Amino acid sequence: MASTPAGNRRTRIHVVSDVHGNARDLARAGEGADALICLGDLVLFLDYADHSRGIFPDLFGVENADLIVELRTARRFEEARELGRRLWGGIDGDRATVIEQAVRKQYAEMFPAFPTPTYATYGNVDMPQLWREFAGPGTTVLDGERVEIAGRVFGFVGGGLQTAMRTPYEISDEEYAAKIEAVGEVDVLCTHIPPEVPELVYDTVARRFERGSRALLDAIRRTRPRYSLFGHVHQPLARRMRIGATECVNVGHFAGSGKPWALEW
């Protein structure tokens with residue numbers, strides 16, 4: 001990773017989101033940059049492109065992974081939950097403990113891959129209560145908070161909104177809006193989920209609208225940051241669009257691409 005910005009030299013920041021277990025490329029994501037920003041979803045619970053990868057198939061096998069993806073894609077969520085209940089009933093040990101152990105194993109691989117400095121916030125499949133334990137001294141964890149990088153103010157809001165998927169870090173619209181409000185006016189607004197705009201929240205492969213934030217959209221219109229950066233939607237209808245003065249960018253599905261998005265000034 002490049003040294004700390006100084007003088008009139010241009011600053012380059014690399015941004016990633018939806019890492020989902022891709023520690024190999026994450027270890028190289030900061031090359032040539034002054035800092036790395038990660039917008040969450042380090043955990044790989046189930047890879048929708050390769051059903052053999054993730055916590056779910058490790059526990060229940062690929063055939064069950066195929067089936068639950070089929071049910072979720074068809075929005076048959078109650079049937080998917082029933083399948084999940086039946087499968088978990090056959091596992092020895094408490095469900096929460098089993099999941100935490102699996103997540104800990106992934107975090108033990110992911111966090112050491114972060115370069116210094118890294119600024120990170122949570123995704124909806126992450127377990128925030130574990131991050132402080134695994135984050136090294138070069139990684140700053142932010143949620144509803146701001147940080148200055150080379151003269152620009154970056155605001156961070158992590159997590160996702162409540163859905164039928166019931167992923168680990170889903171919060172209420174009111175709690176999410178409060179974090180957006182706490183960040184206030186910034187140059188770059190960094191979130192895991194996108195603003196609630198149809199082109200930004202529709203996933204063309206999963207064939208469904210993901211949850212975007214109305215509070216985030218309102219804040220973009222009101223405070224006019226230079227950039228709104230986010231991930232969450234892996235194959236969006238639009239990866240980039242302007243909302244007033246703000247450039248809104250889905251920085252990409254890093255698990256699939258292995259390439260960070262670059263911001264320079």
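Tutor: Gladly! This is a predicted model, in which local features need pLDDT of at least 70, side-chain atom pairs count only at pLDDT 80 or more, and totals for chains, interfaces and linings use all residues. Residues are numbered from 1 along each chain as its sequence is written, and side-chain values use heavy atoms, with hydrogens and water left out.

Student: Which residues have the most contacts inside the largest nonpolar core?

Tutor: A nonpolar core is a set of buried Ala, Val, Leu, Ile, Met, Phe, Trp, Tyr and Cys residues joined through side-chain atoms within 4.5 Å. Buried means under 20% relative accessible area, exposed over 50%, and partly exposed in between, with a 1.4 Å probe and protein chains only. The largest core here has 59 residues, and those with the most contacts inside it are V16, V19, L26, L42, V103, Y107 and W131.

Student: Which element gives the largest share of this core?

Tutor: Helices (H or I, at least four residues) and strands (E, at least two) are DSSP runs, numbered from the N terminus. With 5 residues, the largest share of this core comes from α5.

Student: What is L26 in contact with, leaving aside its neighbours within four places in sequence?

Tutor: Contact means heavy atoms within 4.5 Å. With those neighbours set aside, the partners of L26 are V16, V19, L36, M110, A113, F114, P115 and F254.

Student: Where is D41, and is D41 buried or exposed?

Tutor: D41 sits in the loop between β2 (35-38) and α2. Its phi is positive, about 60 degrees, although D41 is not a glycine. Most residues other than glycine have a negative phi. Because its relative accessibility is 3%, D41 counts as buried.

Student: And R166, is that buried or exposed?

Tutor: R166 also is not a glycine and has a positive phi, of about 55 degrees. Its place is in the loop between β7 (160-161) and β8 (170-171). Since its relative accessible area is 60%, R166 is exposed.

Student: Which peptide bond is cis, with omega near 0 degrees?

Tutor: Most peptide bonds are trans. Look in the loop between α5 and β3 (118-120), where P117 lies. The cis bond runs from T116 to P117.

Student: Which element gives the most to the lining of the second largest pocket?

Tutor: On a 1 Å grid over the protein atoms alone, a cavity is a set of points where a 1.4 Å probe fits but cannot get out, while a pocket is an open set with protein on both sides within 12 Å along at least five of seven lines; lining residues have an atom within 4 Å of a point. Grid points are joined across faces, edges and corners, and a volume is the space filled by probe spheres set on the points. The second largest pocket has a volume of about 290 Å³, and of its 13 lining residues the closest to the centre are I55, D58, A102, K105 and Q106. Giving 6 residues, the top contributor is α5.

Student: How much space lies in the largest cavity?

Tutor: The residues that line this cavity are I180, V183, G184, L189, A219, R222 and T223. α9 (214-223) gives the most to that lining, with 3 residues, and α7 (173-183) supplies at least two. The space in the largest cavity is about 40 Å³.
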